[in-house]
Amino acid sequence: MFGLNKKDTTLFIIVAAMTLLAPFILNPFPTDSALAQFNAGYPDLMQRFVIFGILAIGFNILFGLTGYLSFGHAAFLGVGSYSAVWMFKLLSMNIIPAIILSVIIAGLFALVIGYVSLRRSGIYFSILTLAFAQMSFNLAYSVLTPITNGETGLQITLDDPRVLGVSVAENGNPPVTNLFGLEMRETFTLDLGAWAFQFNIGFYVCALIMLAAFYVSVRIFRSPFGLMLRAVKSNQHRMNYTGLSTRPYTLAAFVISGMYAGLAGGLMASMDPLAGAERMQWTASGEIVLMTILGGAGTLLGPVLGAGFIKYFENIFSKINDNILHTWFAIMPDGLEDLLVTIVHPFVGKGWHLTLGLLFMLVVTFLPGGLVEGGQRIAKALSRKKKDEPKTPDASE
Amino acid sequence: MGILEVKDVGKRFGGLQALGDVNLNVEENTVHAIIGPNGAGKSTLLNVLVGKLIPDSGSVLFDGQSVLGRTPHDINQMGISRVFQTPEIFGDLDVMENVMIPCFAKRDGAFALNGYGSVASHTDIREKAEQMLADVNMLEKRNMQASSLSRGDKRRLEMAMCLVQDPKLLLLDEPTAGMARADTNNTIDLLKEIKEKRDITMAIIEHDMHVVFSLAERITVLAQGTPLVEDTPENIKGHPKVQEAYLGQAHD
């Protein structure tokens with residue numbers, strides 16, 4: 001279907017179903033129950049899941065296929081955000097022109113950075129991209145204040161000269177981002193028994209764009225172009241002596257990947273029209289790398305899983321404070337309760353990075369192929385039990 | 001006029017004269033061996049031919065065109081393929097993909113943003129690759145990961161990757177180095193078979209005299225960066241200068 005083989009079509013349908021039904025899947029606990037804090041089905045977080053999913057899918061085209069580890073992808077995200085906000089300020093609050101501009105600008109930016117950085121490979125390439133990203137961050141933070149509004153970040157104001165649209169909405173506030181009139185922030189709530197499911201326009205716009213981005217990435221993975229990118233990772237020496245020029249391939253992958261990041265940045269600004277320099281900082285670039293490796297670099301599904309996993313931790317685990325811990329362990333005797341709270345305390349709330357770090361270490365040590373490899377091992381173990389006879393591992397996987 | 005003409009090529013590395021006025025003429029459809037003791041300049045010469053090194057002087061013409069100053073991928077597109085001392089293959093990819101990549105390179109050139117359709121949907125490429133794998137008796141291993149092949153099969157795969165491009169000239173850099181006698185004989189048979197089946201020119205750099213005398217139609221002996229003699233295998237065997245410079249050492 002749609003030029004995909006059977007296996008990929010199944011994968012795509014599963015991803016599409018999971019994404020579109022996310023408001024249900026991420027909201028398994030009744031609203032008033034004690035476990036409701038583990039629900040992730042609210043618009044803001046769901047939007048972040050899919051937007052970072054796009055970012056990780058794009059990063060995977062570069063890192064997963066060619067093996068070039070870029071430590072500067074957040075720069076493209078930031079450039080995309082700034083471009084989108086400028087489009088909102090100058091042209092219209094419609095998100096389409098904003099997103100188109102962010103993809104184009106991020107692509108051009110990636111072309112320049114890639115052209116220089118791809119002269120080196122390995123650690124030198126990583127350091128070059130990191131240097132470029134930090135340079136962009138510092139420029140956005142200080143020198144380029146007229147464009148980026150420095151520390152405060154670029155925002156929508158009441159005196160923006162919007163060509164197609166009004167500067168001030170009827171209620172006296174700046175107008176909100178929309179898609180031909182559909183407001184991004186609009187949310188419908190479906191009350192079903194004890195559950196309250198939230199359906200947000202912005203989330204569904206992002207989700208559809210993510211599915212399109214995922215589809216394009218599957219096509220790239222399976223195409224001759226994708227094969228060449230994997231060849232780059234495997235043996236550049238042989239490629240050169242096979243009549244192939246590796247530089248244009250890596251540059252094309254870098255630009256496509258930068259455009260994905262720009263798209264993610266544009267969407268981020270479309271959901272919440274402000275852009276700050278911290279979006280370009282190296283920690284943000286590092287997070288993208290973590291997502292991809294945690295999920296499984298070079299696999300189709302891995303980056304999306306990784307992005308969801310990390311964003312879930314960041315938003316859910318970080319909210320568990322001592323009060324909540326005390327209610328959890330309330331049934332224990334007082335002394336034991338305090339002890340347990342003390343033990344768990346460093347791993348939750350502000351310490352969620354510790355949990356994430358430990359999980360990351362475990363995954364990289366025991367599952368080098370990331371969460372996807374974990375899933376495959378479980379599936380293999382189950383099918384072996386069912387068939388009762390050992391099956392030879394599928395080399396074409 | 002040969003298909004490959006090397007004229008007065010010289011190359012220095014600092015104070016070392018690696019090549020001094022090398023002249024070499026490889027005739028079309030012959031197997032030409034280049035032999036010589038260690039440090040004779042064989043590898044330097046090969047690296048000049050594939051564009052990895054640029055000589056200080058002289059000219060190299062392939063099919064009437066100069067190869068000097070061209071990149072390795074450009075030279076490959078002209079019709080020169082190279083087999084390495086240790087097989088250079090795409091270890092992470094499967095055997096079929098390994099053979100399809102050179103087919104794509106031959107069809108689409110050095111770079112093509114070919115994102116349309118899956119790899120398998122390019123039937124012309126797939127059929128050509130399958131035919132090639134059948135020719136080298138590796139069709140049943142098509143789905144194996146290349147890095148899991150035996151050494152002999154890796155060599156076979158690398159040959160297939162070169163041959164599928166229908167090169168005018170195949171350069172072989174010690175194709176049997178480090179191989180057991182049985183594997184060496186297999187490689188000799190494979191090369192003989194290839195020679196019988198297609199019109200191809202081969203230039204072999206080799207240490208193993210057994211291989212050289214089984215395959216070569218012409219032999220050039222290099223010593224200290226200069227060609228000592230160029231002749232048929234029969235004449236080379238008895239040549240006193242060669243005995244002295246190279247073969248003689250083996251009988252010590």
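Two strands pair if DSSP finds at least two bridges between them. In the predicted model described here, B:Val31 stands opposite B:Met202 in strand E8 of chain B. Strand E3 of chain B, residues 31–35, is joined to E8(B), residues 201–205, by four bridges, and the two strands run parallel. E3(B) also pairs with strand E9 of chain B, residues 218–223, again in the parallel sense and over four bridges. In that pairing, B:Ala33 is the residue opposite B:Ile219.

E3(B) is mostly covered, with five of its five residues buried. B:Val31, B:Ala33 and B:Ile35 point one way from the strand, while B:His32 and B:Ile34 point the other way.

Within chain B, the core draws at least three residues from domain 1 (1–79 + 167–252) and at least three from domain 2 (91–165). With neighbours within four places in sequence left aside, the contacts of B:Leu157 are B:Ile89, B:Val95, B:Asn98, B:Val99, B:Met138, B:Ala146 and B:Leu149.

In chain A, A:Gly369 lies in the loop between helix H16 (352–366) and helix H17 (370–387). Apart from neighbours within four places in sequence, A:Gly369 is in contact with A:Gly295 and A:Gly296. A:Gly369 and A:Ala75 are 294 residues apart in sequence, and their C-alpha atoms are 27 Å apart in space.

The model as a whole scores ipTM 0.90 and pTM 0.91. The average pLDDT of chain B is 88, and 96% of the residues of this chain score at least 70. Confidence in chain B is highest in helix H3, residues 95–108, at a mean of 94. It is lowest in helix H9 of chain B, residues 240–250, where the mean is 64. Where pLDDT is low, the predicted coordinates should not be read in detail.

Technical notes:
Residues numbered from 1 in each chain as written. Chains lettered and ligands numbered in written order. Predicted model: local features only at pLDDT ≥ 70, side-chain atom pairs only at ≥ 80, totals over all residues. Heavy atoms only, no water. Domains from an automatic or database assignment. Contact = heavy atoms within 4.5 Å. Buried < 20%, exposed > 50% of the residue type's maximum accessible area, 1.4 Å probe, protein only. pLDDT = per-residue confidence, 0-100.
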